[in-house]
There are 2 protein chains.
Amino acid sequence: MTRPVGKIRDVAKATGLSIATVSRVMNGGKNVSPNTRDKVLAACKQLNYLPNPAARALSTSRSKTVAAIIPTIEHSIFAKYIASIEHSLAQRGYSLVIAISHGDLDEELAAAQKLLGMGAEAFILSGADHHPDLLDLFTQRGVPHVYSSIWQPASAAPSIGYDNTALARAAMDYLTGHGHHHIAVLHGPLTESDRTRDRQAGAQAAQRDGLTLDFHETSLDVAGGKAATRALLQSANRPSAIFCFSDVLALGALFALSEAGLRVPEDVSVMGFDNLDWSGETAPALTTINLPATRMGAEVGTQLMDHLDNGTPLGPVRLDGAIVERASVAPVTRRG
Amino acid sequence: MTRPVGKIRDVAKATGLSIATVSRVMNGGKNVSPNTRDKVLAACKQLNYLPNPAARALSTSRSKTVAAIIPTIEHSIFAKYIASIEHSLAQRGYSLVIAISHGDLDEELAAAQKLLGMGAEAFILSGADHHPDLLDLFTQRGVPHVYSSIWQPASAAPSIGYDNTALARAAMDYLTGHGHHHIAVLHGPLTESDRTRDRQAGAQAAQRDGLTLDFHETSLDVAGGKAATRALLQSANRPSAIFCFSDVLALGALFALSEAGLRVPEDVSVMGFDNLDWSGETAPALTTINLPATRMGAEVGTQLMDHLDNGTPLGPVRLDGAIVERASVAPVTRRG
DNA sequence: CTGTTAGCGCTTTCAA
DNA sequence: TTGAAAGCGCTAACAG
C-alpha cells in the first residue's frame, strides 16, 4: 500500500507551467528553454517526482522492456550473458525481464505469454528450437525476437551466437590432434537443448577410423558429470580423454577422476566447454572453449533496441569461440 | 514495432457484451454468468487477446511487480533463492524483477530508483546495510520492503533470513569440537556485505585461549579462495582447518590444497558455508552450512504479497540453517 | 448479471 | 517555446 506520490500535475502546479511542458522536459527536453527546463528539474527533485511508467507505457505503447527466456541461471554461462544484456539495455533506458524455461518448450511458451502480458516488446530466446505456438504468437503480434547462443543463418528468426557444431568439432580435432583415439563425450539432455544437439553433431563429425567415441547423456550439473564419469570408469577399457559439453560437467568429471585416484591429464585428459569464470582455477586448470557471452549480450541488446527504436532490421551474427589451452588435456602417451 | 493487437473493446464487440463485462471476466470473473464467461473467454482466445498491463496498472495503481536487489547472481546461493521468490510470486500473479548491486550501496540505490520508476511495488533487499537515501526514499513513498539473508529483529525493516552470526559461531564450535586449534577463516570483502561481517563476528566470538584464528579477506570467487589458501599455505605453521564463508571460496581452497599436494581432510580440514547444489559432489564432499534459501524465498514472497493484497503487516522471521556433515572436516590428529 | 461512465498519469498533435 | 485537449486500454463505482 504505497502512498500516493507526486504526479506530473503537481510539478506543473509547482512551476506554474503546463503538464505538457513538464512532460517535454522529462523526455529529453527538446524545445524547452533552458530556464524552464531547470525550473522543472528542480521541482521534480524537490517533489521527488518520478514519471509513472504505466501511464507512460499506455500513452506511448512502449514499455522499453525486453524479455529473455533462458534454460537456467545456475552455474552457467547464462549468468554472465544475462549480466551483459542487462548492461547493454540499461545504457539506453531499457529494462530486461527474465524467465527461466528449464529447457522445456511448453514452459518457455507459458513464460513468453506471461512476459508479453507484462508488456515485453521483444524477446531473446535460447537456441532455435521452440514451441510452434510461440512462433505463431510472435508472428501474429509482430513481436521482434532473436535466437541466441546459437548460430544458424537459416533459422526462422535471426540467430546471434556461436557455431556450436564447429566449436565441438574443433575441440574433437584438438583432442585427436593430441593423440586421443578413445574419447568419452559427456553431455546434458539432448531433448532439452538444440545447442547440445549441435555440439553432438560436431563431435560426431570428427568420427573416423580408429577413433572410438562414447557418448554419455547425463544431467547438466556437477553431480551429472561426476556420475557419468564414475560410470564410464567402470568399463573395461577407459577413454584417454573426456570431452564435456559444459565446464560444469567437466568439474564433476574432475571430482570423479580425483576420487578414483586417476590423475588429470596424465591418466585421462578432460576438456570442457563454456570457459566459466572458475574454469582456470580448477586443479588442474581446465582446457575448454571460450564462449563470447559478453559480446553476445551486447550484440543482442543493441540489435533489439535499434530495431525497436529505429526499425533497423534484425540479422544473424556469428560470434567466435576459441579453444583455451590450459592444463587438463595432454598428449596421450603410449601405455602398456 | 509490434503490430496493433486486440483490445478489450474488440472482445466486447465480438461477443456483443460491454467492455465492463469483459473486464470482469478477465479479473476472476465474479458476478458473471458462466455462459457469458465462456463466450468471452472463447472470444479472447480467438482474438488472441491479452489485457494491456500498462492500462491495467494505470487504472488500478497496481503493477503486481516486486523487485529484488541482490549482490550477485553468479555461483551463489542467490540463484536458488531468486528462483524460489519467482516461483512464490508467480503463484499469485506477481512478477519479479531483479537488479544486481555488486555489493555496492550506491549501485543499490540507483537500481532501486530505476525499479521504482518501473513500477515495482515492494522491494527485497539483501542484508540490513543500505544507503540512507534508499531508506528515505522508501519511507517517503511508503514502499514496503524487507531485508533478507539476514536475521536482525531490531533492524529498520523486517528481516527474513538466518542468523549469520550464530551459524558462523556454530561452525567454529564444530571445528574446535573436532580438535582444531588453528583455524584460517576465508571471507569476501567485509565492506561489501553485512552478512560477511556478521559471520566474522560469529567466528570471532568463538575466540578463546589456545585457539588461533587467522582471518583472510579475499575476492568472493573461486580464484579468491584459491589465492588466499595458497598464500596461507606459505606461512610457517599452517592451520589445521580452513573455514570459508562461502562454498565458492571453499572450492578454491580445495583446488589450492590439491595443487599443494595436501590431502583434505587428512592434512587440513575445509568447511564451507551455503551448501550450494554441487557442494556434496566435491572431492572430498564439502562439510558446510545449509542455508534455507528456498524457504526464505517463499517466506519473503508470501509476506510481501499478503501485505500488498491485504495489508498484513510485515514481520521478521528467523529461518534455521544447519551444519551438513560431509567429508572435508576430520578430527585433528596429533602430529609431529 | 450487465452496461455506462469517469478517470488512472502521461504523451502528443495542434494552436497560439 | 508553451498550453489545451484528446486519447492510450482498462478498472471500478454506480445504475439498472
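Mentor: Asp198(B) lies in helix α9 of chain B, which spans residues 194–205; helices here are DSSP runs of H or I with at least four residues, and strands are runs of E with at least two, numbered from the N terminus. The model is a predicted one, in which local features need pLDDT of at least 70 and side-chain atom pairs count only at pLDDT 80 or more, whereas totals for chains, interfaces and linings use all residues. Residues are numbered from 1 along each chain as its sequence is written, chains are lettered from A and ligands numbered from 1 in the order in which they are written, and side-chain values use heavy atoms, with hydrogens and water left out.

Asp198(B) is buried and yet has no salt bridge. Buried means under 20% relative accessible area, exposed means over 50%, and partly exposed is in between, with a 1.4 Å probe and protein chains only. A salt bridge is a side-chain nitrogen of Lys or Arg within 4 Å of a carboxyl oxygen of Asp or Glu. The nearest side chain of opposite charge to Asp198(B) is that of Arg197(B), 6.4 Å away; Lys and Arg count as positive and Asp and Glu as negative, while His and the chain ends are not counted. Apart from neighbours within four places in sequence, Asp198(B) is in contact (heavy atoms within 4.5 Å) with Ile150(B), Gln152(B), Asn164(B) and Thr165(B).

In chain A, helix α9 (residues 194–205) can be followed through its packing against helix α8 (residues 164–177). Two packed helices are described by the angle between their axes and the distance between the axes. The axes of α8(A) and α9(A) come within 7 Å and cross at roughly 40°; axes are lines fitted to C-alpha atoms, for helices over the stretch in contact, and angles run from 0 to 180 degrees between N-to-C directions. The two helices are therefore oblique to each other, given that angles under 35 degrees count as roughly parallel, over 145 as roughly antiparallel, 65 to 115 as roughly perpendicular and the rest as oblique. α8(A) passes α9(A) in a right-handed crossing; a crossing is right-handed if the near helix is turned clockwise from the far one by less than a right angle, and left-handed if anticlockwise. On the α8(A) side the residues that meet α9(A) include Asn164(A) and Thr165(A), and on the α9(A) side those that meet α8(A) include Arg195(A), Asp198(A) and Arg199(A).

Two arginines of α9(A) deserve attention in turn. Arg195(A) is placed in helix α9 of chain A and, at 9% relative accessibility, counts as buried. Beyond its neighbours within four places in sequence, Arg195(A) is in contact with Pro71(A), Phe78(A), Ser126(A), Gly127(A), Ser149(A), Ile150(A) and Asn164(A). Arg195(A) and Ala57(A) are 138 residues apart in sequence and 36 Å apart in space, C-alpha to C-alpha.

Side chains of opposite charge can pair when their charged atoms come close. The side chain of Arg199(A) meets that of Asp274(A) in a salt bridge, at 3.9 Å from N to O. Arg199(A) belongs to helix α9 of chain A and Asp274(A) to the loop between β9 (269–271) and β10 (288–290) of chain A, so the pair ties together parts that are 75 residues apart in sequence. Arg199(A) counts as buried at 8% relative accessibility, and Asp274(A) counts as buried at 6%.

The loop between β9 and β10 of chain A also holds Pro284(A). The peptide bond from Ala283(A) to Pro284(A) is cis, with omega near 0°. In chain B, a cis peptide bond joins Ala283(B) and Pro284(B), with omega about 0°, and Pro284(B) is placed in the loop between β9 (269–271) and β10 (288–290) of that chain.

Over all chains, the count comes to 26 salt bridges. In chain B, one of them joins Glu121(B) and Arg62(B), whose closest N and O atoms are 2.3 Å apart. This pair links Glu121(B), in the loop between α6 (105–117) and β3 (122–126), with Arg62(B), in the loop between α4 (53–60) and β1 (65–70), 59 residues apart. Glu121(B) is buried, with a relative accessible area of 9%, whereas Arg62(B) is partly exposed at 23%.
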